[in-house]
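Subject: Structure handover

Hello,

Here is the structure for you to look at. My notes on what turned up follow below it.

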Amino acid sequence: MTLPVVFLVSLSSLAFEILLARIFSISQWNHLSFMVISIALFGFAASGTVLSILDSRKSGWVKQLATEKATTVLVLLYSCSTLTSFIILTKLPIDYFRLALESIQAFYLFLSYALLAIPFFLAGLVVLTAYVEQPESTGIIYFSNMTGSALGTILPSLLLPFIGEGKLVVTVAIVPLCYVTTAVYIKNKDNISSHFPVRNLIIPLISVCSILLAATLLFTPWGGAQLAVTPSPYKSLSQLQQFPYSTITESHSSITGKTETVSSPYIRYAPGLSLKFSGNLPVQKSIFRDGDEQLVLYGAEGNLRTFDFAKFTLPTIGYDIVPSPQSALLILREGGTSIPTALAADVPEITVIHESPIISLAIGKHYNLHTTSENPRIFLKQSQRKYDIIHLENWGTSLPGSTALSQEYLFTTEAFGEYLNHLSEKGVIIISRKLLLPPSDSIRLFSTALQVLWERGIKKPQHHLVLFRNWGIYTLLVSKNPIEDIEIQTVFAERLNFDIVYIRDMQPSLANRFNIFEFPHHYLAIEKLIQHYSENREKQFFDGYLLDTAPQNDDRPFPGRFIKWDRLDDLYLSLGSRPYSMLLSGEIVIAVVFLEALVVATLLLLLPKLLARRRKESVPLAQKFYFFSIGAGFMFVEIYFIKAYILIFSSPVFSFTFVLAGILLSSGIGGWWSQKMRKNAVIYSLTTLLLALLGIIIFIDQLLDYLLGLPELLRYLFALLILFPPGILMGVPFALGMRSLLTTPLQRAYAWAMNGCASVLTSIVAAGLALHFGIQSIMLCATAFYLLAALCSKGAGTNQIGRLP
């Protein structure tokens with residue numbers, strides 16, 4: 001029963017991990033899901049710590065845990081703890097934004113860590129027991145573990161459109177228990193009689209009751225209410241639902257997000273609208289993804305009227321500058337005002353891109369427009385069409401730093417280059433975003449446009465740029481050719497009471513006239529930036545500026561990342577000396593999580609030595625470093641591909657699922673292959689892996705660029721094929737090392753703990769590396785750790801006791 005149980009528990013725990021990420025994205029915020037799940041995954045490492053302690057105190061523990069009865073109990077506890085922790089978490093009033101104000105929130109976070117760690121601890125104990133008890137079959141067990149995990153990453157993608165997140169958690173939690181209960185019944189049905197001891201029926205009865213409870217949760221209204229996942233009260237959907245007559249008319253769940261359509265008489269969404277507008281806004285309905293990223297559809301479907309209000313919005317200036325625009329490409333992520341703006345400007349040919357197929361279809365149906373759900377970068381890579389207008393609508397966050405961990409490939413230097421390549425001679429790029437103080441996002445996008453134009457040989461790139469703002473929104477225009485006539489812009493600003501941040505030959509008196517700040521912060525920063533660029537001293541500007549506002553490329557695509565650690569004190573003072581504001585930054589979250597994880601990892605690795613009583617068998621240092629290194633290297637490679645593939649898949653969640661499934665499946669094959677290898681294959685497999693990783697470092701940019709130009713099916717196929725060579729080779733060192741470099745249960749249990757701690761720590765470190773040094777730095781670290789593992793493998797092998805299994 002061992003291999004099927006390992007397979008099913010691995011499947012269930014990985015599916016639960018992915019569903020937790022989805023659930024926290026809906027109910028909380030992405031950086032909170034990252035924080036909770038990272039800590040919870042220490043449950044796997046904790047199983048190695050506990051087994052090491054048990055083995056050091058009393059022999060025979062592993063054999064007891066490997067019995068059929070013990071396995072049944074562990075699986076029962078796993079399923080019950082998964083269900084219990086999930087239900088409690090849905091009722092727990094976690095609110096990260098109140099952490100600095102309410103000390104009870106720290107307790108709620110700790111409780112969520114502890115609850116989530118329990119099922120992962122029990123799952124790890126089931127898998128680890130199989131490794132320790134059957135060392136001669138390590139490769140086969142590793143194959144079962146990894147293939148089960150790979151299927152666990154795929155299942156949510158397949159099933160979420162049909163059942164919600166809560167019900168799917170129940171389903172995957174109960175699958176291992178159903179199998180174990182059925183297997184035990186089939187094996188012992190002939191022995192069940194009147195003289196069968198009653199105590200032996202207790203565990204099967206509890207299992208059956210648990211299965212019946214799961215069925216109740218799945219198929220009754222009461223159960224559905226217990227499993228409901230509600231969004232944070234700070235999300236746009238929650239705020240809209242506070243108003244009467246606001247109802248959700250449609251709801252669709254998928255691995256990339258939960259899409260909900262809401263009708264309400266109180267939707268009044270028109271960012272960048274001038275206060276000079278005195279008319280009525282058209283009827284609106286909103287579409288939300290994960291309770292946020294609001295996209296608004298204007299007018300009644302099939303009965304659209306003239307969108308007069310759109311002529312009073314900031315982005316209209318882009319349509320005024322281009323004489324009689326004939327074509328427009330609208331790239332939407334949220335918002336929706338770009339469509340009425342293009343329609344109000346009477347653009348004959350409009351193409352709309354939204355990455356979500358559901359939302360793209362709804363837009364096309366509502367407005368009767370041509371829409372596509374393609375990744376915008378892929379669409380531009382494969383298209384030869386040129387447009388008079390390219391209008392990007394991605395408003396960004398109003399909380400500086402809260403999206404620091406989010407990758408976005410619409411605002412990199414490579415993306416701006418693509419936009420310029422697809423502009424007609426009179427064409428203009430329009431970008432509207434939320435205005436932040438201190439000036440940050442607007443400075444970065446302005447400097448990105450400057451740099452791209454400068455690199456194209458344009459001597460005065462500032463003459464191609466226009467920047468306007470009101471009290472909370474800014475609009476940046478980037479023109480293919482120099483903008484000669486500034487009268488259009490000055491009249492537009494005067495007529496609608498918008499402030500000019502930059503136009504060519506601008507008079508300082510034009511800044512900060514209508515939406516008045518204490519100082520014209522944005523104007524002063526832009527003027528200083530242009531001066532530094534004109535003197536080839538732009539690096540000096542970015543080094544001296546309070547925030548990191550330098551242009552970003554595809555290797556470092558984090559438009560919400562602004563913090564400079566050496567200027568943290570100055571930033572704290574500029575924010576009014578309020579620690580609350582600092583806690584909202586994803587970079588601060590990473591630092592806090594890493595410190596927490598480091599403390600937990602240290603405890604898990606020290607406890608076996610501190611609590612050992614019966615015997616103090618030491619684990620050789622080379623073995624410790626070997627298993628820590630391959631755990632760190634594996635996780636670094638995994639995260640590298642997840643982040644690199646967001647460029648071609650657009651969705652971080654889909655990239656996570658795709659890469660995880662591909663690497664887990666291929667490494668499982670590597671583990672199975674290792675079963676036939678001898679001890680000296682460890683160093684050969686690591687050497688080959690190092691060569692493969694170096695090849696990826698050298699050629700990955702060309703490979704990704706090639707993938708962007710492929711049709712969808714071939715793109716997925718080739719992306720998977722790229723994962724397989726390193727994936728197969730990464731499966732060999734752990735499985736072969738457990739079989740040939742270790743000889744005792746304590747060594748194998750401690751190696752498991754080392755490997756698990758390394759995986760969690762490096763998953764946090766990798767996020768920080770990508771933010772500060774770029775995604776490529778993650779693969780460099782992976783290579784360094786695998787090199788360390790190769791150096792340690794010889795030393796680890798010399799510490800064997802007895803003959804190899």
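Start with Asp346: it is exposed, with a relative accessible area of 62%. (Buried means under 20% relative accessible area, exposed over 50%, partly exposed in between, with a 1.4 Å probe and protein chains only.) Asp346 sits in the loop between α13 (338–344) and β6 (349–354). Its phi is positive, about 60 degrees, although Asp346 is not a glycine.

Two points on how to read all this. This is a predicted model, in which local features need pLDDT of at least 70, side-chain atom pairs count only at pLDDT 80 or more, and totals for chains, interfaces and linings use all residues. Residues are numbered from 1 along each chain as its sequence is written, and side-chain values use heavy atoms, with hydrogens and water left out.

Overall picture

The chain has 29 helices and 12 strands. (Helices, H or I with at least four residues, and strands, E with at least two, are DSSP runs numbered from the N terminus.) Of its 805 residues, 59% count as buried. Take the contacts with a separation of 6 or more: residues 24 or more positions apart account for 76% of them. (Contact means heavy atoms within 4.5 Å.)

Other backbone points

Tyr245 also has a positive phi, about 65 degrees, and is not a glycine. Tyr245 lies in the loop between α11 (236–240) and β1 (247–254). It counts as exposed, at 67% relative accessibility.

Where is the cis peptide bond? It runs from Leu437 to Pro438, with omega near -5 degrees. Pro438 is in the loop between β9 (423–434) and α17 (441–455).

Helix α14 covers residues 357–367, and its buried residues include Ile359, Ser360, Ile363, Gly364, His366 and Tyr367. These cover an arc of only 170 degrees around the axis, so they lie on the same side of α14. (The arc is that of the directions from the helix axis to the C-beta atoms.) An α-helix has 3.6 residues a turn, so residues three or four places apart point the same way. Pro357, Leu361 and Lys365 are exposed, on the face of α14 turned away from its buried side. Just after α14 comes Asn368, with a positive phi of about 60 degrees.

Helix α16 (residues 413–421) is mostly covered, with 7 of its 9 residues buried. Those buried are Thr413, Ala415, Phe416, Gly417, Glu418, Tyr419 and Leu420. Their cover includes β5 (327–332), α15 (376–382), β8 (387–393), β9, α17 and β11 (473–479).

Packing around α25

Two helix pairs share α25. Take α24 (residues 621–649) with α25 (residues 652–674): their axes come within 8 Å and cross at roughly 135 degrees. That makes α24 oblique to α25. The crossing is right-handed. (Axes are lines fitted to C-alpha atoms, for helices over the stretch in contact, and angles run from 0 to 180 degrees between N-to-C directions. Angles under 35 degrees count as roughly parallel, over 145 as roughly antiparallel, 65 to 115 as roughly perpendicular and the rest as oblique. A crossing is left-handed if the near helix is turned anticlockwise from the far one by less than a right angle, and right-handed if clockwise.)

On the α24 side, the residues that meet α25 include Phe634, Phe641 and Phe649; on the α25 side, they include Pro652, Ile663 and Ser667. The contact divides into 15 nonpolar, 2 polar and 1 charged residues. (Ala, Val, Leu, Ile, Met, Phe, Trp, Tyr, Cys and Pro count as nonpolar, Asp, Glu, Lys and Arg as charged, and the others, Gly among them, as polar.)

Phe634 of α24 counts as buried, at 12% relative accessibility. Which residues does Phe634 contact, leaving aside its neighbours within four places in sequence? They are Tyr142, Ile663, Leu664, Ser667, Met730 and Tyr786. Phe634 and Ile663 are 29 residues apart in sequence and 9.4 Å apart in space, C-alpha to C-alpha.

Then α7 (residues 138–159) packs with α25 at about 165 degrees, with the axes 7 Å apart. The two are therefore roughly antiparallel. This crossing is left-handed. Among the residues in contact are Tyr142 and Phe143 of α7, and Leu664 and Trp672 of α25. Here the contact holds 12 nonpolar, 10 polar and no charged residues.

Best wishes
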